Amino acid sequence: MTSLSSPITRRAFGGTTVAAGATLALAACGDGSSAAPNNVPSAPPEPVGTGTVVATTAELAVGTRLSVEAVLTQCEAAGRQAGFLLFRPNQKSVLAYSAICTHQGCAVGAKSPNDDEAFYSSCHGSFFQPEDGKAVAGPARGALERFAAEIKGDDVLIYV
C-alpha cells in the first residue's frame, strides 16, 4: 500500500510560511482604496491657548506647503516634539495637519515625488489633499488630524 502523503521538507515549509506571511502583510495594507467612513475631513479647530510660531509668511507663500516641527503643549504628550504640515490656501489663512500617516503611522511630507500639490507618505504611497487633509490615494483610509493655525503679522502659528 502506498502513502498519499510525503514528508514535508524544510525548504517547502519555509516557502509556504514566507508566502503566507506575505499574503497576510498585503491584506493588512488594504486594497489601495481611500474611500472609507473615517476619510471625512474635520473642520479646522479654533485656536486655544498660546500659539507656537513655526514659520513666517515669507516661508509659506500662498498656495504652498511646508513641513515644520513644534513642541506639543496641550495634550498628554506635552513637551514632545512632533511634525506638522502647513498649507496656505489664501493670503489670510493657514491650515495645519499632523505629519503622521493614518495608514500605519509613517511620516507624511509636504512634497510628493512628482510635486503634484499633495502631501505624501513615502512608506506605502498615500496621498492627502492639502485643502482638507483627506486621503485621496494609496492605502491610507483616513484624513490627517487637523490643528488650529493662524497668521499673525508675518508669523505662522499653530496651536498644539
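Predicted model: local features only at pLDDT ≥ 70, side-chain atom pairs only at ≥ 80, totals over all residues.
Cys-101 is buried, with a relative accessible area of 6%.

Next, select Cys-106 and Cys-123. A disulfide joins these two residues, with an S to S distance of 2.4 Å. The structure holds 1 disulfide. A disulfide is a covalent bond between the sulfur atoms of two cysteines. Cys-106 sits in the loop between β4 (95-98) and β5 (119-121), while Cys-123 sits in the loop between β5 and β6 (126-128). The two cysteines are 17 residues apart, and the pair links distant parts of the chain.

Look along the S-S bond of Cys-106 and Cys-123. The torsion there is about -100°, so the disulfide is left-handed. Is each cysteine of the pair buried or partly exposed? Cys-106 counts as buried, at 17% relative accessibility, whereas Cys-123 is partly exposed, with a relative accessible area of 42%.

Now move to strand β9, residues 155-159. This strand is mostly covered, as 4 of its 5 residues are buried. Thr-56 stands opposite Asp-155 in β9.

Ala-148 has Tyr-159 in β9 as its bridge partner. β8 and β9 form a hairpin with 2 residues between them. Select Gly-153 in the turn to find a positive phi of about 65°.

Technical notes
Residues numbered from 1 in each chain as written. Heavy atoms only, no water. Disulfide = S-S within 2.5 Å. Buried < 20%, exposed > 50% of the residue type's maximum accessible area, 1.4 Å probe, protein only. Pairing = 2+ DSSP bridges.
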